[in-house]
Amino acid sequence: MPVIIIRDDITRVQADAIVNAANSSLLGGGGVDGAIHRAAGPQLLAECRTLGGCPTGEARITKGYRLPAKFVIHTVGPVWHGGNQGEPEQLASCYRRSLELAQMHCCGTVAFPLISAGVYGYPKDQALRVAMDTIRECAPEDMTVYMVIFDHDAALLSRALYEDITEYIDDRYARRHEKMFARRKEANLGQIFAAPMFKADHSAPEAFPMSEACMDCEDTVCGGAFGADTDLDTLLSNLDEGFSVTLLQLIDRRGMSDAQCYKRANIDRKLFSKIRSDAHYRPSKPTALAFAIALELDLEQTADLLRRAGYALSPSSKFDVIVEYFIRRGEYDIMRINEALFAFDQPLLAG
Ligand code: ADP
């Protein structure tokens, strides 16, 4: 049941069904509704006329006509009146009813716009939260759901969270650059490429814990079991366990089932089976990190799991720093992390 946030025009999305944020007449309107009717052509309106409208929180289905999608599911979101008039329940009902219709029509992929978050005035961060929570709760396991966001908008996150993450990113960048500058000055190098970019400074373990753990720290990364004179055959026959073996061990150690783990990681069952059956499988970095989040690993454990897939976290990467922000706070909800990554224009966990 992976949920993937994408930035696009929903009329161009190739999915079995796209969802329309309609009004209760179902006879077309502005915003996403207008765009869908324009792209689908007049036959869509003709079919909508036969439906007799739709109450708030309910959904109806039609064909997609000229759209790439086979079906359009029309749902009527609530108008925002401050949040105390049943808006969250009605909005959740839109997603639930739409998913039910999609399942009844055997749709494997469904794309939603951010219902009610335009003319109907629902605050975007809250609308996204309701959407993600309801989809996670209600979407069938074998369905892939796309949340299609049209515009670039920081309002997808609460202002407090956006500012807190921004400050954290600034702080990490600033600290790194200050530190590099101080090191160069100290060594009186005067040239930018004279010093290794990521040489660890063990006197300040807090400074770049993830990159140091992965790149320079002999205790946690290099193992230190073999000396410099060890021959290549010995080294190769003593390789560490790889990513997939380690992942399966961690799942067992956590007392989780495989399904619990891949669902929490927002990973598709087929991909998990592939990883499970191939001891040498090398996941993408967002996939490896998604498992670290699902397993609620701390920073050191995350660095170790990533290393087994050939990756490290870097203080120079906004993506890495945002994930680090959540791990440091012990917040392991992948939907929340992906919302934040999306708001900062970064790739999402699980790919
Ligand atoms: P509502 O009346 O339910 O608020 P709107 O159409 O005004 O519906 O807006 C719902 C959301 O759809 C808004 O976030 C808006 O930015 C977005 N939107 C508008 N056009 C498109 C489009 N072509 N594709 C995807 N989303 C869109």
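How many helices and strands does the chain have? There are 15 helices and six strands. Keep in mind as you look around that this is a predicted model.

## The chain as a whole

Let's start with the big picture. The chain runs to 351 residues, and buried ones make up 46% of them. Its accessible surface comes to about 17100 Å², with 51% of that belonging to carbon and sulfur atoms.

How does the chain connect up with itself? Take the contacts between residues at least 6 apart in sequence: 68% of these join residues at least 24 apart.

## Around the ligand

Now for the ligand. It has 15 residues around it, and the closest are Ile10, Val32, Ser116, Gly118 and Val119. Helix 1, which covers residues 31-40, supplies the largest share of the shell, with three residues.

On the nitrogen side, a polar atom in the side chain of Asp9 sits 2.9 Å from a ligand nitrogen. On the oxygen side, a polar backbone atom of Ser116 is 2.9 Å from an oxygen atom of the ligand, while Gly118 has a backbone N or O atom 2.8 Å from a ligand oxygen. As for cover, the ligand taken alone would expose 570 Å², and the protein buries 91% of that.

## Nonpolar cores

The largest one has 83 residues, and the members that touch the most others are Phe112, Met147, Phe291 and Leu349. A separate core of 17 residues lies apart from it, with Val13, Ile18, Leu44 and Leu67 among its members.

Leu349 makes a handy example to click on. Leaving out residues up to four places away in sequence, Leu349 touches Pro286, Leu289, Ala290, Ile293, Phe319, Val323, Ile334, Ile337, Asn338 and Leu341.

## A buried lysine

Is Lys285 buried or exposed? Lys285 counts as buried because its relative accessibility is 19%, and the cut-off for buried is under 20%. You'll find Lys285 in helix 12, which spans residues 285-294.

The side chain of Lys285 has a polar partner: a polar contact of 2.9 Å joins it to the side chain of Asp320. Asp320 also turns up among the residues that Lys285 touches, along with Leu306, Tyr311, Ala312 and Leu313, once residues up to four places away in sequence are set aside.

## Two loop residues with positive phi

Finally, two backbone spots to check out. Leu26 has a phi near 60°, a positive value in a residue that isn't glycine. Leu26 belongs to the loop between strand 2 (17-22) and helix 1. With a relative accessible area of 2%, Leu26 is buried.

Tyr65 is not a glycine either, yet its phi is positive at about 50°. Look for Tyr65 in the loop between strand 3 (59-63) and strand 4 (71-76). Why does Tyr65 count as partly exposed? Its relative accessibility is 26%, and partly exposed covers what lies between the buried cut-off of under 20% and the exposed cut-off of over 50%.

How values were computed
Residues are numbered from 1 along each chain as its sequence is written. This is a predicted model: local features need pLDDT of at least 70, side-chain atom pairs count only at pLDDT 80 or more; totals for chains, interfaces and linings use all residues. Side-chain values use heavy atoms; hydrogens and water are left out. A residue is near a molecule or strand if one of its heavy atoms lies within 4 Å of it. A polar contact is a pair of N or O atoms within 3.5 Å; within protein, one must be able to donate a hydrogen and the other to accept it, and residues adjacent in sequence count only if both atoms are side-chain atoms. Accessible areas come from the Shrake-Rupley method with a 1.4 Å probe; for residues, only the protein chains shown count as cover. Helices (H or I, at least four residues) and strands (E, at least two) are DSSP runs, numbered from the N terminus. Buried means under 20% relative accessible area, exposed over 50%, partly exposed in between (1.4 Å probe, protein chains only). Contact means heavy atoms within 4.5 Å. A nonpolar core is a set of buried Ala, Val, Leu, Ile, Met, Phe, Trp, Tyr and Cys residues joined through side-chain atoms within 4.5 Å.
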